[in-house]
Amino acid sequence: MTTKSKTKPLYKPFTAPKSSKYKKKVYVMKNGKKRLIGFGLKGYKHNYSAKARKSYLARSGGIRDKSGKLTKNNKNSANYWARKVLWGA
């Protein structure tokens, strides 16, 4: 783990570097280890209209992880952070 990643706070999203394929990244504690999660692909032109927002939130609200739990409530998932930071859920 680099010195930079040790100083970054947990659960505080930041803008990803230009070389990244993600718009934002966040450090989380997963299984006792600090992990970096990227969310919001740069290639997608997000449409944040009210209709698009409603549609995305409805669609992403049903995404489940391998154990069958909803990812919209899991702070360690990219879906949680995309909904919260990018889509304002």
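Trainee: Which residues of α3 are buried?

Mentor: In α3 the buried ones are N79, Y80, W81, A82, R83 and L86. Buried is under 20% relative accessible area, exposed over 50%, and partly exposed in between, with a 1.4 Å probe and protein chains only. Keep in mind that this is a predicted model, where local features need pLDDT of at least 70, side-chain atom pairs count only at pLDDT 80 or more, and totals for chains, interfaces and linings use all residues. Residues are numbered from 1 along each chain as its sequence is written, and side-chain values use heavy atoms, with hydrogens and water left out.

Trainee: What covers those buried residues of α3?

Mentor: The cover includes β2 (22-30), β3 and α2. Helices (H or I, at least four residues) and strands (E, at least two) are DSSP runs, numbered from the N terminus.

Trainee: What's the overall pattern along the sequence?

Mentor: It reads α-β-β-β-α-α, with three helices and three strands in the chain. Of the 89 residues, 30% are buried.

Trainee: Switching to rings. How many aromatic pairs does a search of the whole structure find?

Mentor: Four. One of them is Y56 with W87, stacked at 4.6 Å centre to centre and 15 degrees between the planes. To pair, rings of Phe, Tyr and Trp (its six-membered ring) need centres within 6.5 Å; planes under 30 degrees apart count as stacked, over 60 as edge-to-face and the rest as tilted.

Trainee: Where do Y56 and W87 sit in the chain?

Mentor: Y56 is in helix α2 (residues 50-60) and W87 in the segment after α3 (78-86), so the pair links distant parts of the chain, 31 residues apart.

Trainee: Are those two buried or exposed?

Mentor: Y56 counts as buried because its relative accessible area is 18%, and W87 is buried too, at 8%.

Trainee: And what kind of pair do Y80 and W81 form?

Mentor: Edge-to-face, with 5.0 Å centre to centre and 85 degrees between the planes. Y80 and W81 are both buried, and together with Y11 they form one aromatic cluster.

Trainee: Which charge sits over the ring of Y11?

Mentor: That is the charged end of K75, 5.7 Å from the ring centre. The test is NZ of Lys or CZ of Arg within 6 Å of the ring centre and within 35 degrees of the ring normal. K34 does the like over the face of Y27, 5.2 Å from the ring centre.

Trainee: OK, pockets. What is the volume of the largest pocket?

Mentor: About 180 Å³. α2 gives the most to its lining, four residues, and β3 (33-41), α2 and α3 each supply at least two. The lining includes H46, R59 and the pair we talked about, Y56 and W87.

Trainee: Last topic: where is A16?

Mentor: A16 is in the loop between β1 (14-15) and β2. A16 is buried, with a relative accessible area of 8%.

Trainee: What does A16 touch?

Mentor: Leaving out residues up to four places away in sequence, A16 touches Y22, K23, K24, K25 and K42; contact means heavy atoms within 4.5 Å. A16 and G38 are 7.9 Å apart in space, C-alpha to C-alpha, and 22 residues apart in sequence.

Key: 1 Å grid on protein atoms, 1.4 Å probe; cavity = no way out; pocket = protein on both sides within 12 Å on 5 of 7 lines; lining within 4 Å. Points joined across faces, edges and corners; volume = space filled by probe spheres on them.
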